[in-house]
There are 2 protein chains.
Amino acid sequence: MGDMTESLPHPTRSDIRIEAVLHALADPIRLRLVRELARRGCEGAPCGSIELPITKSTRTHHLRILREAGVIHMRPEGTARISTLRRDDLDVLYPGLLDSILAAAR
Amino acid sequence: MGDMTESLPHPTRSDIRIEAVLHALADPIRLRLVRELARRGCEGAPCGSIELPITKSTRTHHLRILREAGVIHMRPEGTARISTLRRDDLDVLYPGLLDSILAAAR
DNA sequence: GTCGTAGTACGATGTTCGTCGTACCACTGG
DNA sequence: CCAGTGGTACGACGAACATCGTACTACGAC
């Protein structure tokens, strides 16, 4: 466990399901994460650099939900993980979805 | 209870929250309902006319979630309820959201 | 090597959720 | 009036979920 060398599992584009994406985005905390990642653009952000009123393990949990739904991509970089929005995949699968949600999310 | 004369509570457009909408749409059964209502267009449909592998009370439950989230509108008509998608409101609040989800929902 | 940092894994806990059955209400047709 | 139909309300129950604390791993700096 805790294997940080191997890449974390991500669904391929065709494995992404709309229900999972919507469920992942339906949580306030996760929506904040996504909003913040969208703001940072394609360089992404170390998970921990996004301030949230939750503990470390809860943050890991939410990032996992987002990753397994296909909303974000995570790659290890040194001791940190760089998270990025999977904008390209989501825009192809559900054009307009992300834009409308991000525009609405205050 | 069970007052069928008074109109059921619906959120106003400004009361609709994106998290509630996403949560409402994240369920497979509710997605089927929404898909079907979209197919029927503005005339809407009696709730019971949509075939689903669930019981009456579960259907009422799901319709309530959708109504309280602001996704559908229900009006009594005789002994039945006519449900319609709140396309206008949703398209104003989150332009592209519904279209992308409906296009994706097989 | 040792310590600190970033993150994951696992187990526990309280809450929400989806489902159902039953009881009930309102309307319609005999 | 009475029976049937379409729908809601309420209570119960198991599953899923969000949260946390603790223990652990991997990497970098000293």
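**Figure 1. Strand 1 and strand 3 of chain B.** In this predicted model, in which local features need pLDDT of at least 70, side-chain atom pairs count only at pLDDT 80 or more, and totals for chains, interfaces and linings use all residues, strand 1 of chain B pairs with strand 3 (residues 80–85) of chain B in the antiparallel sense over 2 bridges. Residues are numbered from 1 along each chain as its sequence is written, chains are lettered from A and ligands numbered from 1 in the order in which they are written, and side-chain values use heavy atoms, with hydrogens and water left out. Helices (H or I, at least four residues) and strands (E, at least two) are DSSP runs, numbered from the N terminus; two strands pair if DSSP finds at least two bridges between them. Pro46(B) has Ile82(B), in strand 3 of chain B, as its bridge partner.

**Figure 2. The hairpin of chain B.** Strand 2 and strand 3 of chain B run antiparallel and are joined by 6 bridges. Together these strands form a hairpin with 2 residues between them. In the turn, Gly78(B) has a positive phi of about 65°. Opposite Pro76(B) stands Arg81(B), in strand 3 of chain B.

Figure 3. The open sheet of chain B has 3 strands in the order 1-3-2, with antiparallel pairing. At its edges are strand 1 (45–46) and strand 2 (72–77) of chain B, each of which pairs on one side only. Strands of a sheet pair through backbone hydrogen bonds. Helix 2 (residues 28–40) of chain B lies across strand 1, strand 2 and strand 3 of chain B, at about 85° to strand 3 of chain B. Helix 3 (residues 56–69) of chain B lies across strand 2 and strand 3 of chain B, and its angle to strand 2 of chain B is about 115°. Axes are lines fitted to C-alpha atoms, for helices over the stretch in contact, and angles run from 0 to 180 degrees between N-to-C directions; contact means heavy atoms within 4.5 Å.

**Figure 4. The interface of chain B and chain A.** Here 16 residues of chain B are in contact with 16 residues of chain A. The area buried between the two chains is about 1300 Å², of which carbon and sulfur atoms give 79%; buried area is the accessible area (1.4 Å probe) that two parts lose on being put together, summed over both. Helix 1 (18–25), helix 2 and helix 5 (97–104) of chain B each supply at least two residues of the side of chain B that touches chain A. The largest share of that side, 5 residues, comes from helix 1 of chain B. By class, the side of chain B that touches chain A has 12 nonpolar, 3 polar and 1 charged residues, where Ala, Val, Leu, Ile, Met, Phe, Trp, Tyr, Cys and Pro count as nonpolar, Asp, Glu, Lys and Arg as charged, and the others, Gly among them, as polar.

Figure 5. The side chains of Glu68(A) and Arg64(A) form a salt bridge (3.4 Å, N to O), defined as a side-chain nitrogen of Lys or Arg within 4 Å of a carboxyl oxygen of Asp or Glu. Both Glu68(A) and Arg64(A) lie in helix 3 (residues 56–69) of chain A, 4 residues apart, about one turn of the helix.
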